[in-house]
Amino acid sequence: MWGEIMAEKTKLPKTEKANIYITGMTCTTCAATIQKGLKETPGVEQVNVSFASEKATVEYDPAKVSLSKIKNAISQIGYGMVTKKSTFPVSGMTCASCVSRVEEALSSVPGVLSANVNLGSEKATVEYTDEINVADLKRAVEEAGYTLGSEAETLEDVSIASQRELRHVRNRFIFSAVIAALIMLLMWVPVFTGRPYLLWALATPVQFWAGWRFYRGAWGALKHKTTDMNTLVVVGTSAAYFYSMIVVLFPGLFEVTEVKLALYFDTSAMIIALILLGRFLETRARGQTSESIKKLIGLNPKTALVIRDGKEEEISVDEVQVGDVILVRPGERVPVDGLIREGYSSIDESMITGESIPVEKNKGDEVIGASINRTGSFQFEATRVGKDTTLAQIIRLIDEAQGSKAPIQRLADIIASYFVPIVISIAIITFIIWYFAGPSPALTYALLNFVAVLIIACPCAMGLATPTAIIVGTGKGAENGVLIRSAETLERSHKIKTVLLDKTGTLTQGKPRVTDIITVPSSSEEEILYLAASAERGSEHPLGEAIVQAAQERKLEIIQAKEFNAIPGQGIEVTVEDKKLLLGNLRLMKEKGISLNGMGEEAEKLREKGKTVMFLGVDSRVKGIIALADTLKPNAKAAVAALHNIGIEVIMITGDNQRTAEAIAQDVGIDRVLAEVLPEHKADEVNRLQQEGKIVAMVGDGINDAPALAQADVGIAIGTGTDVAMETGDITLISGDLVGIVTAISLSKRTMRTIKQNLFWAFAYNTALIPVAAGVLYLAFGNSGVPSGLHFILGEFGFLNPILAAFAMAASSITVVSNSLRLKRFEPTEFIA
């Protein structure tokens, strides 16, 4: 029976997941083409392609298809896959069998496309995806019995590939622009023998070298029975080019017609030049949208100074292991996450948390990888390395968020998927109408309008409207210590009308502190605190620890108490300096017959403010009282006020009694209090608010509040340092600063406003200019013609010049991306009073 179960388990398909960066995409229909092509590849089970992040997430069965085949499939569609290709020295090989074993070991690592090992040079050349850690490759080779040395050379990674792509587009634009300008110049000079052939010769390399990327993309789309932006460009420019070529080669074909024998090589060449210009500017601008994540990746230190066997050794950060002791000097970056074991320092964590003020760190404190050591030297023990570090998790979350789709984007994608076939249909109808019903020469005007419709249509602007804004928005959030997990969260956050704040650990510090010391006239605050701290020295009770900490902050020298006796639920009885002390609540004082010495009224006032009151009785009389409370976080009041400024209702939820809760709420300025709510009932309270028609954001610590965070429309998890609960909420505030709530909501509002502006521009552009390109203005001007000053733009009868159509198309995409880049100027402080 057991054997049968195990046999069944072995039959279950094992899938792997790979994140692949794609080159060559120019619009969302390109992404759809790739997605469709990969889905048709045997062994590929799930595919999601994002045009904005230029990334495909592929789930596949490695038994049926390899990453290398997936790369080939992407190439056959007409696009490229970004990989790294590195050369490593290999030691321990002695024969051809060794070569095979090393190749098999490297190929077994998920994410490796190919591995070629050369016995003569003792080197291995490995091609792999960007998500692979070099340490994984080394481990696989070591398990096979060999040693893989440090990386010798990296030929290609994401940023290099992007820069290479940018250079290619730039060079082809420059070439095509120069040739197109020359063709236009020759079109204006008097006709001379051989001019048509010269124009044809000049236009050909522009059409098939500079414009080859469009043909390749169009062919890939055609093979999968789809159309995209490349299809429009290829059909439009090819129509102008091949028509002109036929006129050059076979002018006799038109002798029996009334067709004007015009050449349009200038049109095809200049269109390609302008579209390449648009691609270049768009690609460069799109690269700027992801600057935030590039900055984070750039923070990663390359080496670490590890102490092993009492000796300092500088190694690659990839080789650091959990438990290693690392030395960090002033001015250096902390290589990985860990705990300080020796020394102290002031550390700048602003790149991770958004907090500009350096944080003091002592023995036992946590340090975050990539933060900067400002002052002293210290040694720390590595606790998280590689993909487990805080920085790696942040980068992963931002990457996932930037590759996700917002609901509003899905609508735009659906429209864009139908857009190109509709435009081609409009272009064909335009050609037919102007050929059969247009003025003479009908074929010329029909052809020009046909080309203009194809070229001016811009699905790119629709496709870029949402993702570019999402990328900038999520990146800007990360810069300010706000991690937004998905585009959907970013979109939903702008609708928030109510913020539900958990009290403990969210509004407050999460631990008690001494807030008031009231003494009898014959005593002083220092004396009361000294006696109470001496009594509580060594105590593990939170209130006792808070009293000791307060004494230490005042630099009071406390002594060890004698005859310590804990009285459950009441307090303690000790001897300090031969004095009998009682430290506890009112019940303890009454049971021991201690006179309150007129302190009862003061104690009641403090209790009304939600504070815990402890009486200090010395020799049968109360000598003073100490009040403690879980104090508010520094920016709590400012955050609540800022939320009110943007029209948000603020509610506090807590397990505390009503009086304590209302005292805190009144101090902060909170609108409404939900008190005495058990943790397991917080989700019910969230649901109750939602039933009132409110869009609710729940803010909590991400652990005890997990059900409520999940129930809320937007769950916001509070975290600090390496303990940040990144997986719990839709949004994570890395620094724990409540102002991050205002930042998240305000950023969402700004991002959605930008998206709506982008979509309006994209749709308005296409709605307005496609009819113009189709020649609708002819109805306004008719045979009387347009004013001579507008001839270059609208021709003689109101037809849009195809060259200007190409310029307008390029301008539309650039406008959308540039508008999204304005989000980089977002400053959260502008919303805080």
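1. Is Phe763 buried, partly exposed or exposed? Phe763 is partly exposed, at a relative accessible area of 27%. The cut-offs are under 20% for buried and over 50% for exposed, with partly exposed in between (1.4 Å probe, protein chains only). Phe763 belongs to helix α28, residues 739–773. Helices (H or I, at least four residues) and strands (E, at least two) are DSSP runs, numbered from the N terminus.

2. A word on the source. The model is predicted, so local features need pLDDT of at least 70 and side-chain atom pairs count only at pLDDT 80 or more, while totals for chains, interfaces and linings use all residues. Residues are numbered from 1 along each chain as its sequence is written, and side-chain values use heavy atoms, with hydrogens and water left out.

3. Back to Phe763. Leaving aside residues up to four places away in sequence, Phe763 touches Ile415 and Met462. Contact here means heavy atoms within 4.5 Å. Met462 is 301 residues from Phe763 along the chain, yet their C-alpha atoms are separated by 7.0 Å.

4. Next, helix α21. This helix spans residues 542–553, 12 residues in total. From first C-alpha to last, α21 reaches 16 Å, close to the 16 Å expected at 1.5 Å a residue. The expected span is 1.5 Å times one less than the number of residues. Buried residues in α21 include Leu543, Ile547 and Val548, along with Gly544, Ala546, Ala550 and Ala551. Their cover includes helix α20 (525–536). It also includes the strands β21 (508–519), β24 (579–584), β25 (612–618) and β26 (621–632).

5. Look just past the end of α21. There, Lys555 takes a positive phi of about 60°. Lys555 sits in the loop between α21 and β22 (562–567). With 71% relative accessibility, Lys555 counts as exposed.

6. Asp309 also deserves a check. Its phi is near 55°, a positive value in a residue other than glycine. Most residues other than glycine have a negative phi. Asp309 lies in the loop between β10 (303–308) and β11 (311–316). At 79% relative accessibility, Asp309 counts as exposed.

7. Helix α31 covers residues 802–821, 20 residues in total. Its reach from first C-alpha to last is 29 Å, close to the 28 Å expected. This helix is mostly covered, with 14 of its 20 residues buried.

8. Three strands form an open sheet in the order β15-β14-β17, with antiparallel pairing. β15 (359–361) and β17 (372–373) are at the edges with a single partner strand each, so one side of each has no neighbour in the sheet. Strands pair if DSSP finds at least two bridges between them. Three bridges join β14 (residues 345–348) to β15. Ser346 stands opposite Glu360 in β15.

9. A cavity is a set of points, on a 1 Å grid over the protein atoms alone, where a 1.4 Å probe fits but cannot get out; lining residues have an atom within 4 Å of a point. The largest cavity holds about 50 Å³, a volume being the space filled by probe spheres set on the points. Helix α8 (residues 212–223) gives the largest share of the lining, three residues. Among the lining residues are Arg213, Arg216, Gly217 and Asn230. The lining divides into one nonpolar, five polar and two charged residues, with Gly counted as polar, Tyr as nonpolar and Arg as charged.

Key:
On a 1 Å grid over the protein atoms alone, a cavity is a set of points where a 1.4 Å probe fits but cannot get out, and a pocket is an open set with protein on both sides within 12 Å along at least five of seven lines; lining residues have an atom within 4 Å of a point.
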